[in-house]
Each structure stands twice: as C-alpha cells, then as structure tokens.
Amino acid sequence: MYEGDIASVLISEEQIRDKTAELAAAIAERYPNGAPEGDLLLVGVLKGAIFFMTDLARALPIPTQMEFMAVSSYGSSTSSSGVVRILKDLDKDIAGRHVLIVEDIIDSGLTLSWLIRNLSTRNPASLEVVTLLRKPEATKLEVDVAWVGFDIPNEFVVGYGLDYAERYRDLPYIGTLDPSVYGG
Ligand SMILES: O=P(O)(O)OC[C@H]1O[C@H](OP(=O)(O)OP(=O)(O)O)[C@H](O)[C@@H]1O
Ligand code: HPA
Ligand SMILES: [Mg+2]
C-alpha cells in the first residue's frame, strides 16, 4: 500500500495498541467511578482522531459517550495555516459534563489551544486532553495536556488517522512521509 511514499515506520501497530491500553488505564484512574455527572464525554477532533478515539473508547474500562468536532487548519499543506475554522460543531451542550478532548497530534499547538479556549467557554465540569502524538520541537503554543502517547521528532507523519492531502489516513501504523510526495 502506498509503495515508496512512506520513508519509515515511526510507530508500529503493536506500539499503538500497547500505548492505547496504557493511556486508557491512566485515564480510568482519573475518573475512578466514571464521571459523576453522567458518563465521561469523549470529544473527538475529526478527522485525524477517529481511529485513536474508537480504539481508546474500547480500551477504557469506564462508560463513555462520544461527540465529534471538526476543525481544520492544515488543508492540503504540511504546515498549519494559522487559522482554525469550525467545520462541524458539537451536537450537544457540554455544560456540567466531564469532557475529554481526544486528539491525534499536537504539532504547533494552535488547534488545541484554540479548542480548549472554545470549549472552556461552554462551562464543562472538567476539561482534559489526551493526545496520541506530540511534537515538542514544533510546539509554538504550550498546551496543558494530561496524557500524551508519544513525543515524536519534528517530521511530517501520516497514518492511523493522520493525512497528507486526505491520503494515508487508512495506514494502520504511523510513518514518515517521503519528502518527494510533497515536493520536498
Ligand atoms: O497543533 P497543530 O499544528 O494545530 O496541528 C494539529 C492538528 O492538525 C491536524 O488536523 P487537520 O487540520 O489536518 O485536520 P484533519 O484532522 O481533518 O486532518 C491534526 O489532526 C490536529 O487536529
Ligand atoms: O505531522 C503531521 N501529519 C499529518 N497531519 C498533521 N497535522 C499536524 N501535524 C501533522
Ligand atoms: Mg490533516
């Protein structure tokens, strides 16, 4: 699949599975009796977080509900446009709910810092973040994140939900993209 486009496998399927189980156990400790004001509400950030969100929900030993929000700042580029747009808002009110934002990656930090600010104004009972990946060298805006799966080098990655121009999301692992694909 995608022969020649992937320069290297950075994180294997098995590593993703093990890390998801580890994160789920850590998250469950934070909500020992589930969330008191109704089930924990997972807010997945489309589209990148879809695979992580569904795997995490199934690994969590506490009841959860799911909402999705779509925001976009990358389009078909490998760097953030700097402008975050809501493409799809939450369907439900989150006031009084325990909310866990589920992200695939924190790169510049722009998307998440914007999202935290936006969701905070809706008065959730608590608001935490779990991200599978983070690029510490690329982060421009520090974001308070409770759980991070992997810190990775500052390279453009694809797979397991992450795209380049909408491609490669369906890869089961996370890999680096050969620069020839985006003309680098
Ligand atoms: O920390 P940042 O520099 O803001 O980058 C992180 C965000 O960028 C990607 O989303 P994208 O805008 O590509 O939308 P997508 O998930 O639909 O691919 C990714 O899924 C994160 O949401
Ligand atoms: O490295 C990345 N890959 C894919 N999408 C992204 N969005 C932010 N950073 C990345
Ligand atoms: Mg994208």
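These legends describe close-up views of a predicted model.

**View 1. V130 sits in strand 6.** Strand 6 spans residues 126-134. V130 is buried, because 23 other C-beta atoms lie within 10 Å and 20 or more are enough for that label. Beyond its neighbours within four places in sequence, V130 is in contact with L23, I27, L100, V102, A146 and W147. D55 is 75 residues from V130 in sequence; the C-alpha to C-alpha distance is 13 Å.

**View 2. V102 has contacts that include V130.** Neighbours within four places in sequence are left aside here. The contacts of V102 are L42, V43, G44, V45, A49, F52, M53, L56 and V130. V102 is also listed among the residues that touch the most other members of the largest nonpolar core.

**View 3. Helix 2 packs through its buried residues.** Helix 2 covers residues 50-59. Its buried residues are F51, F52, M53, D55 and L56. They pack against helix 1 (13-30), strand 2 (40-46), strand 5 (98-106) and strand 6.

**View 4. Helix 3 has its buried residues on one face.** In this helix, residues 110-120, the buried positions are T111, L112 and L115. Seen down the helix axis, they fall within an arc of 85°, so they line one face. Which exposed residues does the face turned away from the buried side carry? That face carries R117 and S120. The buried residues of helix 3 pack against strand 2, strand 3 (64-72), strand 5 and strand 6.

**View 5. The largest nonpolar core holds 38 residues.** Nonpolar side chains tend to be buried together in soluble globular proteins. Here, L42, V43, F52, L100, I101, V102 and Y160 touch the most other members of the core. Two or more residues come from each of helix 1, strand 2, helix 2, strand 5, helix 3, strand 6, strand 8 and strand 9. Strand 5 gives the most, with six residues.

View 6. Strands of a sheet pair through backbone hydrogen bonds. Strand 1 and strand 9 (residues 174-177) pair in the antiparallel sense over four bridges. I11 stands opposite I174 in strand 9.

Technical notes:
Residues are numbered from 1 along each chain as its sequence is written. Chains are lettered from A and ligands numbered from 1 in the order in which they are written. This is a predicted model: local features need pLDDT of at least 70, side-chain atom pairs count only at pLDDT 80 or more; totals for chains, interfaces and linings use all residues. A residue is buried if 20 or more other C-beta atoms lie within 10 Å of its own, exposed if 12 or fewer, and partly exposed in between; C-beta atoms are placed from the backbone. Two residues are in contact if their C-beta atoms, placed from the backbone, lie within 7 Å. The arc is that of the directions from the helix axis to the C-beta atoms. Two strands pair if DSSP finds at least two bridges between them. A nonpolar core is a set of buried Ala, Val, Leu, Ile, Met, Phe, Trp, Tyr and Cys residues joined through C-beta atoms within 7 Å.
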